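Hi,

Here is the model I promised you. Have a look at it first, and my notes follow below.

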Number of protein chains: 2
Amino acid sequence: MTVTESARSPRRRTPRNTLNPDRILDAALALLDRDGPEAFTMRALATELGVGTMAVYSHFRNKDEINDAVNDRLLSEIELPAPAGCAPCDQIIELCRSVYRLFSEHPAALPLLTSRPMRGDEAVAVIDRQLGLLLAAGLSPADAARAQVVIMQYTVGSALWAVRRRQAELGGCDEQAGVRRQIQDRLAEAPADRYPSLTGLVPELTAAQDGGIELYEQGLKGLLRGLLGG
Amino acid sequence: MTVTESARSPRRRTPRNTLNPDRILDAALALLDRDGPEAFTMRALATELGVGTMAVYSHFRNKDEINDAVNDRLLSEIELPAPAGCAPCDQIIELCRSVYRLFSEHPAALPLLTSRPMRGDEAVAVIDRQLGLLLAAGLSPADAARAQVVIMQYTVGSALWAVRRRQAELGGCDEQAGVRRQIQDRLAEAPADRYPSLTGLVPELTAAQDGGIELYEQGLKGLLRGLLGG
DNA sequence: ACCTGAACACCGTTCAAGT
DNA sequence: ACCTGAACACCGTTCAAGT
């Protein structure tokens, strides 16, 4: 029997006992989604697994490697649209909505977004699909590449915004819970002479800041109109 | 010229000795820009100031308060365009370029972006100006508010992307320096049958990912075309 | 081979004490 | 009032040792 060498990774096969990479990733994801990114600690992860703190290091080199693996697993949950369906532009929107939803619903994805750029095969698969759809929509290779990057930048920014808002809403233990209302008050009390345009637009602005995925889609459509229709 | 009372803050005036909030903020900004966000430590900040670790706590309640103050100071460096100049759309682009440049050049701004939403008067001033320009461009109040949020989301996402890329480029101490080349290799070695669209577009894609402020401006113009021209 | 406990070098912050 | 040093409760990770 040929022994498949694990590619320059120190972890070996057959973790015969209680622990294995999949179980660790499950626990990591559960911990992240339940208690938030700042509670994702090697010690907390080990406790979640009912194991000593250092047991995890037998399967992953360090915390960054776990982050990358969680990243890859999350990306793999994105359902790629069927290659041939409706118009390319609609497929792009649907795919981007999936990416936005993933990032926005899983606070776990936030730190990995913030840290290293796309790693893992699943991220590459998403990029490939986006590029294919942009080419199908009639863009030149260079324009398609630029559009793909711009779209991802907008998607990341929007999802980051949404997550940040949701985190600000709760989390206030010593502060009162209504941080959003607090911001609204801050805007409302802004002097009219210093901020002439803002005054009176506070309701519209707070509504827009809570736009969520609907605002994302509206902005995306505008972006696509500008990038494709040009 | 009116005496502004320090609002419910425990710090008093006339810190007669060596330390004061301005000096602390100078040191914090220098530390952040020189050594990066992860090196911004209360202990390192005190060392930079040539002072005991706890001295800073006489002027700021905690690290978050320093972060907010740094945020505010950075935002204040944005030069607001003259109220009446060229066309509103061009003024928007110029203002947004300033914001992008600030975020992209100061890695210090990154953590505050990632953490809490806009705090401080300077951020409000930027928002007010953007809203005014969008209204001047002919948008309804609700549309202007939505457009402002979308534009900021795109700006934050793009700047985050740029900073992240630059951080990935250096930082590799044990790894080799060319992480960008490494990613390029990852993309190039992607099998053509799994990623049909990506194959052959690697040069275009890496060029787009290094697009920087020029790509940002191009995407912004597309976005504005879609939002205004619609 | 997989897992453990102790230990190291950090971090933000509290607290009692100096001046 | 401003600043200090020791201490506390964390963190990621190394290391020698168990099985």
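**What I found**

Cys96(A) is buried, at a relative accessible area of 1% (buried means under 20% relative accessible area, exposed over 50%, partly exposed in between, with a 1.4 Å probe and protein chains only). Before going on, the ground rules: this is a predicted model, where local features need pLDDT of at least 70, side-chain atom pairs count only at pLDDT 80 or more, and totals for chains, interfaces and linings use all residues. Residues are numbered from 1 along each chain as its sequence is written, chains are lettered from A and ligands numbered from 1 in the order in which they are written, and side-chain values use heavy atoms, leaving out hydrogens and water.

Back to the cysteines. Over all chains the count is zero disulfides (a disulfide being a pair of cysteine sulfur atoms within 2.5 Å).

As for the overall build, chain A has ten helices and zero strands (DSSP runs numbered from the N terminus: helices are H or I with at least four residues, strands are E with at least two). Of its 230 residues, 47% count as buried. Among the contacts in chain A with a separation of 6 or more, 64% are between residues 24 or more positions apart (contact means heavy atoms within 4.5 Å).

One helix to click on is α6(A), residues 121-136. Its 16 residues should span 22 Å at 1.5 Å a residue, and the end C-alpha atoms are 23 Å apart, which agrees (the expected span is 1.5 Å times one less than the number of residues). Its buried residues include Val124(A), Ile127(A), Asp128(A), Leu131(A) and Leu134(A). After α6(A) comes Gly138(A), with a positive phi near 110°.

Finally, where the chains meet: α10(A) and α10(B), residues 212-228 in each chain, pack at about 110° with axes 7 Å apart (axes are lines fitted to C-alpha atoms, for helices over the stretch in contact, and angles run from 0 to 180 degrees between N-to-C directions). Gly219, Gly222, Leu223, Arg225 and Gly226 of chain A meet Gly219, Gly222, Leu223, Arg225 and Gly226 of chain B there.

Cheers
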